[in-house]
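Let's take a friendly walk through the charged pairs of this protein, and then through one of its sheets. Have the sequence and the model open as you read.

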Amino acid sequence: AFVGCWRNAPPPPRAGIPSPMCVCVLSVDGTCLASSGWARFSEGNGPPARSAHQACVCGGYYWVFGGEFSSPTGNKFKLMDDLWRMPLSEAGGMAGGKWQRVGAGADAPGPRSGHRMVAVGDKLVLYGGMGESKYYSDLHVWDVTRGAWISKMVKMQQMKLGASAKTPGPRGGFAMWPDGDAALYVWGGTRDKGRNESEYLDDLWRLDLATWAWERVKPEAGT
């Protein structure tokens, strides 16, 4: 979780966005903490308060990208486009809670929330989400080893597939999960239908991580 936290007790109920921001981990078997329960590992000097972001673990770091901030009164709103990392200890817990912002620049994804990001091998793969006035259908890849966005290289490889190559299209709030290091899947979500209506999706897609080609997976008859 990526909210405020307290040792040996869950975070208290709250409305809006917590401040200051910190990382909390709940260990149920004691592998990450000295004893099971909630514990605060970091706060301040890190990602500003947010929701609808994505977080995952890859290459010895805890990663956070994007999201949105909305004040409790609703008079302030901001979409995020920042990528942050915090080192993990060898035991799998937080090493000391020192955040570092990385990946800023022209190659970084635009501000968004409701996107999805998963770790595959030494890469963070990010897809979709919602911007100020539209849903995204773009694919972005952060190479943890290189410390750089390689999205342009991925896009060039996808262009070789031809103009007829299909994609899941724009969407947010969907499910995305890896299948080992070979592929990842996208299912469902929502997108703009027009006339202030939303379209709810039930399609399943597979991304081949060797060719970066999308393929729609259709269920067999009777399933």
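A salt bridge here is a side-chain nitrogen of Lys or Arg within 4 Å of a carboxyl oxygen of Asp or Glu. Please keep in mind that you are looking at a predicted model.

## Salt bridges overall

Side chains of opposite charge can pair when their charged atoms come close. Searching the whole structure turns up 10 salt bridges.

## R101 and D81

In this pair, the closest N and O atoms of R101 and D81 are 3.9 Å apart.

How accessible are the two partners? R101 is partly exposed, at 43% relative accessibility. D81 is partly exposed too, with a relative accessible area of 34%.

## D138 and R112

D138 and R112 also form a salt bridge, and here the closest N and O atoms are 2.8 Å apart. D138 sits in the loop between β8 (123-127) and β9 (139-143), while R112 sits in the loop between β6 and β7 (116-120), so this pair links parts that are 26 residues apart in sequence.

Is R112 buried or exposed? R112 is buried, with a relative accessible area of 1%, because buried means under 20%. D138, on the other hand, is partly exposed at 22%.

The side chains of R206 and D208 meet in a salt bridge, at 4.0 Å from N to O. R206 has 23% relative accessibility and D208 has 22%, so each counts as partly exposed.

Four strands make up an open sheet in the order β11-β12-β13-β14, and their pairing is antiparallel. Which strands stand at the edges? They are β11 (175-179) and β14 (213-217); each has a single partner strand, so one side of each is left without a neighbour in the sheet. From one strand to the next, the twist averages 35°.

Strand β13 (residues 197-208) runs antiparallel to β14, and five bridges join the two. R206 comes back into view here: its bridge partner in β14 is E215, while its salt-bridge partner is D208.

Methods:
Residues numbered from 1 in each chain as written. Predicted model: local features only at pLDDT ≥ 70, side-chain atom pairs only at ≥ 80, totals over all residues. Heavy atoms only, no water. Buried < 20%, exposed > 50% of the residue type's maximum accessible area, 1.4 Å probe, protein only. Pairing = 2+ DSSP bridges. Axes fitted to C-alpha atoms, helices over the stretch in contact; angles between N-to-C directions.
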